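Visitor: I would like a close look at a single part of this model, followed by an account of how its surroundings are put together. Please take your time over it.

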Amino acid sequence: MRTLTKLNPLDPEAASDVGDDSAAAREEQAGRIKGDGPLARDTVEAPPHRHVHQHAQAHESAVKHVTGRAAYIDDLKAPADTLHIALGLSPVAHGRLTHLDLARIRALPGVVDAVGLDDVPGHTDIGPVFPGDPIFVEEEISYAGQVLFAVAAESYRAAREAVKAAFDANMITVDVELPSLDAVAAAERGEFVRPTHVQQRGDWEKALSDAAHVIEGEQFVGGQEHFYLEGQACLVTPTEDEGVVVHTSNQHPSETQKLVAEVLGIALHAVTVEVRRMGGGFGGKETQASPWACIAALFCRRTGRAARVRLPRSEDMRATGKRHPFHNRYRLGVDQNGIIQGGEITVIGDCGYSPDLSDAIVDRAMFHSDNAYSLGAARVTGHRARTHTASNTAFRGFGGPQGMMAIEAAMDDIARHLGEDPLTVRKRNFYRKDHQTTRRDITHYGQPVDQTGLLHTLVEQLEASSDYWARREEIAAFNAQSSVIKKGLALTPVKFGISFTAKHLNQAGALLHVYTDGSVMINHGGTEMGQGLHTKITQVVARELGLDVNVVRISATRTDKVPNTSPTAASSGADLNGQAARDASVKLKARLFDFAADHFFPGQGADSDDMRLEAGYLIAGYGESEQRIPWGELVQAAYFGRVSLSEKGFYATPLIHYDRSVGQGNPFYYYAFGAAVSEVSVDTLSGEYQVTRVDILHDVGDSLNPAIDIGQVEGGFIQGMGWLTSEELKWNDAGQLLSTGPATYKIPTFGDLPPVFNVALMEGHPNSMASIYRSKAVGEPPFMLAISVWSALRDALASLAGYREAPRLDTPATPERVLLAAEALRAQETT
Amino acid sequence: MINFHLNGQPRSVAAAPDTSVLELLRDTLGQTGTKEGCASGDCGACTVAIGEPDAAGQMHYHSANACIMPAHQLQGRQLVTVEGLADGDTLHPAQAAMVTCHGSQCGFCTPGIVMSLFTLHEAQTATPAPLTPERLEAALGGNLCRCTGYRPIRDAALTMSEHPAPRQAWWRQALAPMNTAQTDAVKTDAVKTDSTPPGERFLQPTTLAALLAERVRFPDAPLVAGGTDLWLNVTQNLTRYDGVIDVSRVDELSRIETATLDDGREGWWIGAAVTYSRLAPLLDEHYPAFAHLLHRLGSAQIRNRGTLGGNIANASPIGDTPPVLLALNARLLLAGPEGERELALDAFFLDYKKTALRENEVIRAIFLPHPEPTGNLNVWKLSKRREDDISALLGAFHWRLEEGVLREVRLAFGGMAAISKRAYIAEAALEGQAPTEAAFTAARAALLDEFSPMSDVRGSADYRQLAAANLLERLRRVVTATDTAEEVMLNAYAH
């Protein structure tokens, strides 16, 4: 039986969602790939293997994880004389390094070498995009935890003890200056790490002045520590020439390769970076993994010995950047139905001391300050404030969550103001197909929102499956008779833009080898941090070559296999690398078919259209004339026929563009959608609360691997919930971080899993754009589903004031903040 | 030398007294399956199972954080790590369930989770019992996972019994005899002397007399029971200990005995080295509110190692059990070279981390009275996270309603002062009074006068003041809530 290319019967709403842009993308890609159009053709098909056994393939390392055989950086065997590195971190947030006696430090017991800024042969600034991150402090100290010097010793303990002794014996002295810790004050003083950016569409001032109601508010949105379970770590070994091999827990090997080469003053080809897996990344190892590799490489070249770094948890938490705290303000004009006509939103990202990735992060906060709602005529302003804290960095959602918090707060505010249910107000404000002048389908940065029908359908489905309205009534009745315990309910949507907003990063490469026994090795530019990327990529290759996934292996991500790669970030790992791996597979397959036509079926007029790779066979012809060549035989024959069994693949996302000079464009290839309903119970006397039920419906297009995607949705949600509830970063007035370990920084634990947790993937809505098998990115979007928990807390609190007011509730909404908000409402009610 | 079994194989390894089990595994023995996530006993990535034979040779397992467990405490024990569970290619049910439920993503926390599941599986094998949410939380609350959100881990716990039982449960077999000269040395207090070189002085007395003798001989050596607090000095502050005195095997400190005090009160003497886990069944039966608190004290790994004596001796203002013991009028039995003495617990805490313990004195036991037939105990802990968190504030309230008035009101707080402390003035405002709004208003006002809490990473002073007063309001509602079904606190936090 021939598998024909045929569209699966789609939901009419979804089918109509396949927009003009999607067709354009297919055309653009079709021309780029040899064989004209298999990609364009296949990606509009429902995947033929949608329901086969291996679809929900377990993580490729699952058995290694559970037996302890999966090796992380600190588990790697190293030469016996490997050096152990400890870092001298600044105890003060702002000041000057006045004295650093490296000679005395080098003489401490067990110490082999110690280095500071003057010992760096090449570049001393390791800022990833913009300068501003010195590898060691030269003179000005910019945050508590900044690296002043590093020590290499014979043992981990000796290295750490030497650093402690060096501080205790005043081998380092600093002058303390007043730190700047308030991002809002810094913004008012114009202290920015990058210039302010503005996105604007329509006459926002007129919209405000003409509006029936003006809703204003402000909020503080706290930061977040990544708390990857494996801390920052790397192992660097010398090569026989001037270079090094770097084993690192790292989301961006190519950048580390570049920075190590620059710090050593050598060419990039002398540096090889390898990442097998990370024990969690979440954005915290995109730029923050490089400094340790640079420092270890420095020791490695100075001594000729291997060198390893692993940061103790408290140092990791002090030295590395976190999710940006944000201060948001909104002033929105709405009509009598609560529909936003326009207004302004200002977001201030607390960037810490240097730019790092803050420009793009604050941009993404701005891009998502609309979430799923049309802002009408709006101006969105994003400031990048400089403070004396670690340089805040990428973290799942990359500013998007912080931006969304502003508009979700506003939705609740509008609802209370009008006395409507917040869900009603949210739905009225959703992007919708609209070809009139108001164009409520175009974002404030000018991108049309494709698939608005999906957004509406998804929310309606969830509304029904979660029984939202009946529970709303039950909760109102419960709250009316309960004076201490108050319940809250909220549904919040997510619309998340997929693509790096730095256009050049939207590319990927892959390298495919088939060995003579038929086993397959695929390398690509993405890194595995637990998200199942390698599993998905092996599934793609296995599917293209018609093989069992176990025949396909990924060794590691290596800069000498696939060069010039982008970070595994922006949820793009499978989108980009999946396409690149597929590209390589398709090319190799075409070559094998050409060979097979001559070799196995000479004179039969067979061409590649008659051939397919399935279940470990090359199959030619149909029905009675079908012939099968086992994969192993095909590969052997091709080898003896002197056909290359290696291929590289490449992919670049089409269509995207953004003109930063005017703040307009189509920065995203597509949007991913989702929605969550959360119910909470709050003890208004103590501020304690519990998330009692969560229902999620999330859009991943046609899932590449539903088990992995569900894992991303659930894990993202819980991580987002931690961000908004229990995870509190605290600094003292001197700018020293107080929450420096799991004893004081509380990520969700087992008991925080909601007792009822219904999570489903949206079915029957393939990506409207030509993505890998019509799937959608899944890493970041679910994170923001957790905003529903925060909104539900606000809902519960609002019951204390007859639902006439949405209380201000900054995040994280710890029991303390919830209690203080409850007390404020109660005090107000009694006066 | 430490003589123990690692995954069934006898081992004999030398280590400095302040070596942790995790260092021994990873650095000395090259067993890197067990991970370090925090080195402070808070994340569970390093969870291992420790097997201890009972008198009949039957092995009993508990989970422990290898990062803060003294390596020398492995002496004579079976250490099971993640590397030891699979039988060739056949996974242990805990492992198999984690694979089929997609319970690992990045995999770094996974070995620790597998070991927590292993101890749960062993407990289920020995005594099958329903896997209630509370039981699962107790088993897994000490293992942080940053990737999965725990749902698949919960599923793995619930389904592991469906996987085939291990063919070779070698860990249930009695320990093979070890080098007898060395095992004997463990039991002989006299082996370590003044001439024992520093660095080899991990002292494991088995009698109180020997413990007191070691105390005098090595005054600088800290006492260690579970190590759940002391070992943070090693991993976080890089403190080095040339000598350590282990109280965990001192017979007199390990007993739970019924007793009658001179004042006629009946109760139990709880040995200072009795772990929370060993204490739990007694509290479950007699003091459910106290038992419930234990579920929120640290994690299973911590409760398996930490002791009541340690919680009192370290005199932290945010220790969880002291306020409860204060509310129960607990007493201490202190033992020193000059003999033993009793002391009321509220006379023990003098100031921040300062106690009435004299030089060379140790806490031998804690007197826990029998519950009064009409007495009530409420214990309310406030923290950012329900499980495995340190109190921002803890209130423990004892009271009795007698002919409409409150009697024997004892209100104790943690987190409100430099020590765990009774609120005597607030107590006086309630003692002998009917539980009226006015009486409680007076008590709340007294509380504000009595305490000036500080602001720190766990909460602000304002929040502590407010929340402490609100706990008294909650108490009022509990005392007077006999005629209404209205809930005054959340189920998840209630007992």
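Visitor: Why is helix 18 of chain A described as largely enclosed by the rest of the structure?

Guide: The model is predicted, and what follows should be read with that in mind. Helix 18 of chain A spans residues 573-599, which makes 27 residues, and 21 of these are buried, so the helix is largely enclosed by the rest of the structure. From its first C-alpha to its last, helix 18 reaches 38 Å, close to the 39 Å expected at 1.5 Å a residue.

Elsewhere in chain A, two loops deserve attention for their backbone geometry. In the loop between helix 14 (422-429) and helix 15 (452-465) lies Gln451(A), which has a positive phi of about 60 degrees although it is not a glycine, and which is buried at a relative accessible area of 2%. In the loop between helix 21 (787-798) and helix 22 (815-830) is Pro812(A), joined to Thr811(A) by a cis peptide bond with omega about 0 degrees.

The contact between the two chains takes 82 residues from chain B and 85 residues from chain A, and together the chains bury about 6700 Å², 56% of it on carbon and sulfur atoms. On the side of chain B, the residues that lose the most area to chain A are Arg146(B), Leu238(B) and Lys384(B), together 14% of what that side buries. Lys384(B) sits in the loop between strand 16 and strand 17 (393-402) of chain B and is buried, with a relative accessible area of 13%. Its side chain makes a polar contact of 2.9 Å with that of Glu728(A), and among the other residues that Lys384(B) touches are Ser726(A), Thr744(A), Lys746(A), Thr814(A) and Pro815(A) from chain A.

Side chains of opposite charge can pair when their charged atoms come close. Over all chains the search finds 89 salt bridges, and across the interface of chain B and chain A it finds 13. In one of these, Asp18(B) and Arg157(A) have their closest N and O atoms 2.9 Å apart. Glu688(A) and Arg474(B) also meet in a salt bridge, at 2.9 Å from N to O; Glu688(A) lies in the loop between strand 27 (670-683) and strand 28 (689-698) of chain A, whereas Arg474(B) belongs to helix 16 of chain B, so the pair joins two chains, and both residues are buried.

Within chain B, Arg400(B) and Glu402(B) form a salt bridge with their closest N and O atoms 2.4 Å apart, where Arg400(B) counts as buried at 14% relative accessibility and Glu402(B) as partly exposed at 33%. Another salt bridge, with a closest N and O distance of 2.6 Å, links Glu427(B) and Arg422(B), and both are buried. Finally, salt bridges that share partners join Asp74(A), Asp75(A), Arg308(A), Arg310(A), Arg26(B), Lys35(B) and Glu36(B) into one network.

Technical notes
Residues numbered from 1 in each chain as written. Chains lettered and ligands numbered in written order. Predicted model: local features only at pLDDT ≥ 70, side-chain atom pairs only at ≥ 80, totals over all residues. Heavy atoms only, no water. Contact = heavy atoms within 4.5 Å. Buried area = accessible area lost by both parts, 1.4 Å probe. Salt bridge = Lys/Arg side-chain N within 4 Å of Asp/Glu carboxyl O. Helix = DSSP H or I, 4+ residues; strand = E, 2+ residues; numbered from the N terminus. Expected span 1.5 Å × (residues − 1). Buried < 20%, exposed > 50% of the residue type's maximum accessible area, 1.4 Å probe, protein only. Polar contact = N/O pair within 3.5 Å; in protein donor to acceptor, adjacent residues only side chain to side chain. Lists of a residue's contacts leave out its neighbours within four places in sequence.
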